[in-house]
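I wrote down each term with its cut-offs when I came to it.

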Amino acid sequence: KLNIKHIIFWMVYSLLLYTTYKFVIGVKAPVKHAFTFALVQGVAFYLNLKVLLPKFFEKKFYIGFSILNVIFLAIGAFGITYLEDGLSPLKPSKGHTILESYYTIESLMAHSMPVFIGVFTALLFYISAQRLHQEQTEKERISAEKNFLIQQINPHFLFNALNNIYSLSIENSPKVSNTILQLSKMLDYSLYGSNEEFVTLKDEISYIENFIALFKLKDDAITNIFFDYKNANPQNKIVPMLLLPFVEN
């Protein structure tokens with residue numbers, strides 16, 4: 001699947017290479033040099049990104065990954081040298097091998113750079129993408145756990161709270177209006193406050209206070225619940241609804 005961003009990048013990159021070869025280095029046939037450099041580098045990049053990194057590096061087959069890239073590095077160096085310079089023998093000299101008669105070590109090392117850059121860039125790109133994927137997966141997991149927790153708490157609590165308010169209304173208790181207000185604040189926090197990634201400890205404390213007050217409506221004999229938060233900094237941030245399961249249990 002083609003990625004439009006990748007296509008634009010390689011077009012711009014090839015243009016920069018052409019400009020460098022023509023106006024900065026001043027080589028002959030700058031189009032051929034730029035095309036060869038970008039082609040080999042692109043092959044090295046996508047071969048690693050799509051094949052070698054997922055199948056070898058990710059599975060910790062580091063030796064195999066290294067060997068295959070060294071082989072590809074050598075192939076790329078000879079390939080670029082052949083595409084740019086052809087296969088014409090250099091001036092023979094004593095003490096040189098047949099290979100050295102056609103290619104110099106300096107030329108091969110210089111022409112191996114596109115492959116090396118492609119492999120190194122693919123490695124950085126792959127590691128960065130994997131890290132972003134892990135972070136996104138972790139955020140989704142935490143969000144799913146939080147939403148599950150909220151869904152488990154709200155229906156159960158709402159059912160009990162409404163039953164208690166109904167009992168108070170039958171008795172014409174003066175607590176009805178204040179109790180409805182407390183429930184309204186809790187629902188507002190559950191619906192909107194819990195959508196935030198972090199809330200102040202002050203808001204969480206207020207929610208817990210209302211929860212305890214409504215819980216006590218179940219039985220007038222419940223008097224042994226104490227909530228001490230005098231040492232807490234109300235401006236500290238906390239994940240919403242994080243403390244409620246401990247209070248409820």
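**Salt bridges.** I began with the charged pairs and found two salt bridges, taking a salt bridge to be a side-chain nitrogen of Lys or Arg within 4 Å of a carboxyl oxygen of Asp or Glu. The model is predicted, so I noted that local features need pLDDT of at least 70 and side-chain atom pairs count only at pLDDT 80 or more, whereas totals for chains, interfaces and linings use all residues. I also noted that residues are numbered from 1 along each chain as its sequence is written, and that side-chain values use heavy atoms, with hydrogens and water left out.

Which residue pairs with R141? I found that E138 does, with the closest N and O atoms 2.4 Å apart. Both R141 and E138 lie in helix α6, three residues apart, which is about one turn of the helix; helices are DSSP runs of H or I with at least four residues, strands are runs of E with at least two, and both are numbered from the N terminus. As a reminder to myself, an α-helix has 3.6 residues a turn, so residues three or four places apart point the same way. R141 is partly exposed because its relative accessible area is 38%, and E138 is partly exposed at 36%; buried means under 20% relative accessible area, exposed over 50%, and partly exposed in between, with a 1.4 Å probe and protein chains only.

The other pair I looked up is D228 with K230, where the closest N and O atoms are 2.8 Å apart, and both D228 and K230 are exposed.

**The whole chain.** I then stepped back and counted nine helices and two strands in the protein chain, which follow the pattern α-α-α-α-α-α-α-β-α-β-α along the sequence. Of the 249 residues of the chain, 29% count as buried.

**Helix α7.** Helix α7 covers residues 175-191, and its 17 residues should span 24 Å at 1.5 Å a residue, the expected span being 1.5 Å times one less than the number of residues. The end C-alpha atoms of α7 are 24 Å apart, which agrees. Where do the buried residues of α7 fall, seen down its axis? They fall within an arc of 155°, so they line one face of the helix, the arc being that of the directions from the helix axis to the C-beta atoms. Among these buried residues are V176, L183 and M186, while the face turned away from the buried side carries the exposed residues S177 and L191.

I also checked V176 against Y166, which is ten residues away along the chain, and their C-alpha atoms are separated by 8.6 Å. Y166 is found in helix α6 and is exposed, with a relative accessible area of 53%.

**The core.** The largest nonpolar core has 15 residues, of which F157, L183, M186 and Y207 touch the most other members; such a core is a set of buried Ala, Val, Leu, Ile, Met, Phe, Trp, Tyr and Cys residues joined through side-chain atoms within 4.5 Å. Helices α6, α7 and α8 each supply at least two residues of this core, and the largest share, five residues, comes from α8. Helix α8 covers residues 201-215, and its buried residues include I205, Y207 and F211.
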